[in-house]
Amino acid sequence: MVAVNRVFAAQLAGLPVFGPDGESIGKVRDLVVGLRVDRQPPRVLGLLLELATRRRIFVPMLRVTSIEPNAVTLATGTVNLRQFHQRANEVLVVGELLDAPLALASGAAAVLVDAAMEPSRTRDWRMTRVAVRERTGRLARRGPVQVLRWEELTGLSVTELAGQPQGAQHLVAVFEAMRAADVALALHALPAKRRYEVAEALDDERLADVIEEMAEEDQKDLLAYLDDERAADILEAMNPDDAADLLAELPEREKDRLLELMEPAESAPVRRLLEYSYDTAGGLMTPEPVVLAPDATVAEALAHVRNPDLTPALASMVFVCRPPTATPTGRYLGCVHIQRLLREPPSDLVAGVLDTDLTTLSPTASLGEVTRYFAAYNLVCGPVVDETDHLLGAVTVDDVLDHLLPDNWRETGLTHA
């Protein structure tokens with residue numbers, strides 16, 4: 001028996017889902033409701049779950065046996081693993097209804113903040129309540145929240161609500177606790193209209209992180225929607241290698257226009273990467289690894305790799321160059337693995353613990369050569385050095401995997417055997 005009688009969608013999103021024996025299945029990402037052309041409460045068809053593999057699947061409400069404040073339990077641990085595809089008669093509550101504008105019976109303008117479902121006598125679930133916030137004026141936008149019966153929404157059905165232009169404040173709030181890769185997958189599942197609204201509401205840094213995790217077609221579509229100035233700002237906030245990969249897929253005129261709009265200091269490393277083919281070490285590398293001078297201490301090196309903005313792969317290795325250390329000007333001396341740094345006295349110099357025997361990658365090395373390099377040396381990060389011994393950047397294993405996996409892997413997640 002279901003443990004609660006009224007469940008709000010925004011509170012449900014993100015809850016873990018377990019089978020009857022306590023086995024973890026995934027997380028709730030949304031509620032799927034059926035469209036209605038009348039004003040009656042719509043039927044909740046099921047839950048949109050995200051598995052650990054990032055695949056999104058549909059679970060009918062009849063499979064739900066318990067909804068607790070901190071978890072959802074299903075009647076069976078066996079679920080249909082088919083990728084969720086939204087049908088024409090379905091609406092995502094969190095993805096498409098939150099922040100929809102509406103009018104109250106008093107005539108006041110309001111927005112839909114949340115929606116609640118309740119079980120009926122027939123074991124169906126209905127979207128019976130809505131939480132709305134009145135918009136009291138341009139300068140005082142956050143009015144009181146009211147919980148109303150669905151029937152009290154004046155002049156709007158689910159069909160009409162889903163078609164309204166929306167803000168994205170509450171949907172962005174739901175996304176705050178999600179990884180950028182999961183937000184990218186969620187946006188892919190939304191209609192283009194809603195995807196654009198969310199993109200407009202996200203700040204540049206967050207949107208850049210999300211775009212980096214999108215499939216190529218979604219990246220190009222979203223960049224084309226943004227005005228040129230915002231698109232250039234997003235490219236500046238992206239990692240240079242990801243920005244270069246995206247720009248390389250654009251028509252030459254559009255690519256040149258965006259590069260000109262970027263700040264010179266931000267566009268310079270991107271332009272360098274665009275000189276190499278995408279499937280070479282030069283095209284795969286990031287030009288911003290951790291680079292230190294030989295007189296830096298082990299303590300300084302550890303402080304640099306603690307930077308939370310570094311990926312685990314980039315944080316696994318520190319590169320040492322003669323000044324000036326900035327790529328591509330520093331003369332490469334060697335690298336230090338993080339395991340070695342952790343074993344050495346903090347006051348020692350990195351010059352004394354260099355690995356000078358590790359083979360470096362040429363910027364023209366093919367994807368196959370880079371893959372064999374990582375396998376042979378059991379690495380997750382490797383230096384890219386030119387013929388004059390200047391450090392150009394570093395290739396990380398995640399960039400290699402991006403190019404080895406099928407083109408649509410971000411959309412479909414990992415398949416099950």
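## Basis of the description

Helices are DSSP runs of H or I with at least four residues, and strands are runs of E with at least two, numbered from the N terminus. The model is predicted: local features need pLDDT of at least 70, side-chain atom pairs count only at pLDDT 80 or more, and totals for chains, interfaces and linings use all residues. Residues are numbered from 1 along each chain as its sequence is written, and side-chain values use heavy atoms, with hydrogens and water left out.

## Aromatic pairs

Rings of Phe, Tyr and Trp (its six-membered ring) pair if their centres lie within 6.5 Å; planes under 30 degrees apart count as stacked, over 60 as edge-to-face and the rest as tilted. The structure has four aromatic pairs by this rule. Tyr196 and Tyr225 are stacked, because their ring centres are 4.1 Å apart and their planes lie at 5°. Since Tyr196 belongs to helix 6 (residues 192-201) and Tyr225 to helix 8 (residues 216-225), the pair ties together parts that are 29 residues apart in sequence.

Burial is judged by relative accessible area (buried under 20%, exposed over 50%, partly exposed in between; 1.4 Å probe, protein chains only). Tyr196 is buried at 18%, whereas Tyr225 is partly exposed at 34%. Elsewhere, ring pairs join Tyr373, Phe374 and Tyr377 in a cluster.

## Helices 9 and 12

Glu229 is located in helix 9 (residues 228-237). Helix 12 (residues 264-274) contains Pro264, which is exposed, with a relative accessible area of 60%. Between Pro264 and Leu171 the C-alpha to C-alpha distance is 35 Å, and the two are 93 residues apart in sequence.
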